Amino acid sequence: MASSPREGGKRPVVSPAAGRPRAASTASRYASADPREPISRGAGARQRVLQAALQVLDDDGLPGFTMEAVARRAGASKATLYRRWPTVGALMIDAMDATFQPFPVPDTGRVDADVAQLLTAFVTLLEHTPFPRLLAAFIDAAERDPALAALHADLTRRRREPLLVVLARARERGQLPPDLDPEVVTDLLTGPFFYRRFIAHRPIPPDLINNVITRVLTTPRHTAKQTNRPD
């Protein structure tokens, strides 16, 4: 793909805590509501319903995710929910979108360090929040509902944006080759973590982030050798 973007060919050293404050704050927002308290009026009412929606999805999965269940958990009426969200799918999308925001875009000047920050935050999200269970139910719902699938695709696109921006910047700085396809590289960088968590159900080893970055963003330089053939 390209020569190493790192100076001296060294692999990045990723701190296990890097990127975790963002994911931790996401988890805190998810867990902050007590479902036994009645929903209040005003600015906090919407967020309260969204938190209740994710709690229902986490506890009961897609079969139990209904307007009635969310209204009951939030201490609200179904009519209140329907005034804000016309369908249960719209409520699910809004809850996921509001709670699990895209990560901030790092800009250290080094593509390996920027990518490491984003992947570390992503791994923290996979390992220390309800996000994997919620996403699994969300994907299941999207497979059954074409309208929800389109909304899910848009939500996914926006969450890929930070990594796409990092790769595009690195390409402009000359750290990556000009013909690099950021969409494909984003798939290669994130795919191993999705596979381990959702398909293989295997733990994510601490060194996987560095290994993935090294193998995806680094390829050996091939020097073309010309041979002189006798006439």
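Q: Which relative accessible area counts as buried, and how many of the ten residues of helix H10 are buried?
A: Buried means under 20% relative accessible area, exposed means over 50%, and partly exposed lies in between, with a 1.4 Å probe and protein chains only. This is a predicted model, in which local features need pLDDT of at least 70, side-chain atom pairs count only at pLDDT 80 or more, and totals for chains, interfaces and linings use all residues. Residues are numbered from 1 along each chain as its sequence is written, and side-chain values use heavy atoms, with hydrogens and water left out. Helix H10 (residues 208-217) is largely enclosed by the rest of the structure, because its buried residues number nine of the ten.

Q: Against which helices do the buried residues of H10 pack?
A: Helices (H or I, at least four residues) are DSSP runs, numbered from the N terminus. The buried residues of H10 include Leu208, Ile209, Asn210, Val212 and Ile213. By contact, meaning heavy atoms within 4.5 Å, the buried residues of H10 pack against H6, helix H8 (146-172) and H9.

Q: At what angle do the axes of H6 and H10 cross, and what is the handedness of the crossing?
A: Axes are lines fitted to C-alpha atoms, for helices over the stretch in contact, and angles run from 0 to 180 degrees between N-to-C directions. The axes of H6 and H10 come within 10 Å and cross at roughly 135 degrees. A crossing is left-handed if the near helix is turned anticlockwise from the far one by less than a right angle, and right-handed if clockwise; the crossing of H6 and H10 is right-handed.

Q: Which residues of H10 does H6 meet?
A: On the H6 side, the contact involves Val111, Asp112, Val115, Ala116, Leu119, Thr120 and Val123.

Q: How is H6 oriented relative to H9, roughly parallel or roughly antiparallel?
A: Helix H6 (residues 111-128) and helix H9 (residues 182-200) pack with their axes 11 Å apart, at an angle of about 15 degrees. H6 is therefore roughly parallel to H9.

Q: How many nonpolar residues does the contact of H6 with H9 have?
A: From H6, Val115, Leu119, Phe122, Val123 and Leu126 meet residues of H9, among them Leu189, Phe193 and Arg197. Ala, Val, Leu, Ile, Met, Phe, Trp, Tyr, Cys and Pro count as nonpolar, Asp, Glu, Lys and Arg as charged, and the others, Gly among them, as polar. By class, the contact of H6 with H9 has one charged residue, one polar and, as nonpolar, nine.

Q: How far apart are the closest N and O atoms of Arg157 and Asp154?
A: Both residues lie in helix H8, three residues apart, about one turn of the helix. Arg157 has a relative accessible area of 44%, and Asp154 one of 32%. Their salt bridge has its closest N and O atoms 2.8 Å apart.

Terms used:
Helices (H or I, at least four residues) and strands (E, at least two) are DSSP runs, numbered from the N terminus. Angles under 35 degrees count as roughly parallel, over 145 as roughly antiparallel, 65 to 115 as roughly perpendicular and the rest as oblique. A salt bridge is a side-chain nitrogen of Lys or Arg within 4 Å of a carboxyl oxygen of Asp or Glu.
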